[in-house]
Amino acid sequence: MRCDKSMMQLYAVTDRTWLGAHTLYEQVEEALKGGVTCVQLREKYLPEAEFLAEAFSIRELCKRYGVPFIINDNLDIAQKCGADGVHVGQEDMHPDEARQRVGDGMIIGVTAHTVAEAVEAEKRGADYLGAGAVFQTGTKSNTVALPYETLCEICASVQIPVVAIGGISRTNLMSLSGSGVSGVAVVSAVFAAADVRRAASELLDLSRKMT
């Protein structure tokens with residue numbers, strides 16, 4: 001599976017913070033029913049065996065809904081579970097290094113904060129970029145919001161899809177209009193919602209209008 005712009009319209013990144021009485025599987029399925037177009041499994045602290053078991057189950061769920069399944073950072077887990085792709089940060093490894101490990105069939109996403117990082121990532125074989133944080137976010141500490149002008153410059157500098165990430169919600173999503181992004185990546189805007197399915201549906205509608 002290769003990457004195209006339609007996959008980026010509403011890119012959901014998991015977070016255990018807001019599980020409450022639900023399982024991650026249940027939350028992801030509600031998000032899929034609401035229309036998310038890509039799912040990234042992000043687990044920073046789960047033991048490897050539990051992470052792999054979870055990855056297998058979420059992969060099968062995404063396959064049932066026909067939505068790409070991406071693993072954050074962990075190439076070993078991505079390969080073992082048969083994920084559609086892997087996302088790496090600037091501190092992890094270059095996309096060409098990741099490509100050597102995972103082969104040609106896997107989508108590789110890269111985080112970019114500057115035009116230089118974006119151009120370098122595309123040159124080294126990234127299939128899409130995650131640009132941000134476009135707004136202040138509580139998901140990651142010590143983040144500085146990416147100026148709208150820089151986001152526009154990043155999108156204009158590359159041919160691959162760019163998804164905006166960081167602090168995106170229903171109230172600010174439309175302010176990204178005209179930037180050139182293919183869609184938005186969200187965490188709490190979906191998974192912290194009382195009604196995950198409805199939140200996903202509303203965000204997808206906004207993202208379609210925005211792009």
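1. Tyr 11 and Tyr 128 are both buried. The model is a predicted one, and these two residues make up the one aromatic pair that the structure holds. The ring centres of Tyr 11 and Tyr 128 lie 5.8 Å apart and the ring planes stand at 55 degrees, so the pair counts as tilted; the cut-off for edge-to-face is over 60 degrees.

2. As for the location of the pair, Tyr 11 belongs to strand S1 (residues 10-13) and Tyr 128 to strand S6 (residues 128-132), so the pair ties together parts that are 117 residues apart in sequence.

3. Helix H5 (residues 115-123) packs with helix H6 (residues 148-157) at an angle of about 25 degrees, and the two axes are 9 Å apart. H5 and H6 are therefore roughly parallel to each other, angles under 35 degrees being counted that way. Their crossing is right-handed.

4. On the H5 side of this contact are Val 115, Ala 118, Val 119 and Glu 122; on the H6 side are Glu 153, Ile 154 and Ser 157. By type, the contact residues of H5 with H6 comprise four nonpolar, one polar and two charged.

5. Which residues of helix H1 (residues 24-34) are buried? They are Leu 24, Gln 27, Val 28, Glu 29, Ala 31, Leu 32 and Gly 34.

6. After H1 comes Gly 35, with a positive phi near 115 degrees.

Definitions and conventions:
Residues numbered from 1 in each chain as written. Predicted model: local features only at pLDDT ≥ 70, side-chain atom pairs only at ≥ 80, totals over all residues. Heavy atoms only, no water. Axes fitted to C-alpha atoms, helices over the stretch in contact; angles between N-to-C directions. Helix = DSSP H or I, 4+ residues; strand = E, 2+ residues; numbered from the N terminus. Parallel < 35°, antiparallel > 145°, perpendicular 65-115°, else oblique. Left-handed = near helix turned anticlockwise from the far one by under 90°. Contact = heavy atoms within 4.5 Å. Nonpolar A, V, L, I, M, F, W, Y, C, P; charged D, E, K, R; others polar. Phe/Tyr/Trp six-rings, centres within 6.5 Å; stacked < 30°, edge-to-face > 60°. Buried < 20%, exposed > 50% of the residue type's maximum accessible area, 1.4 Å probe, protein only.
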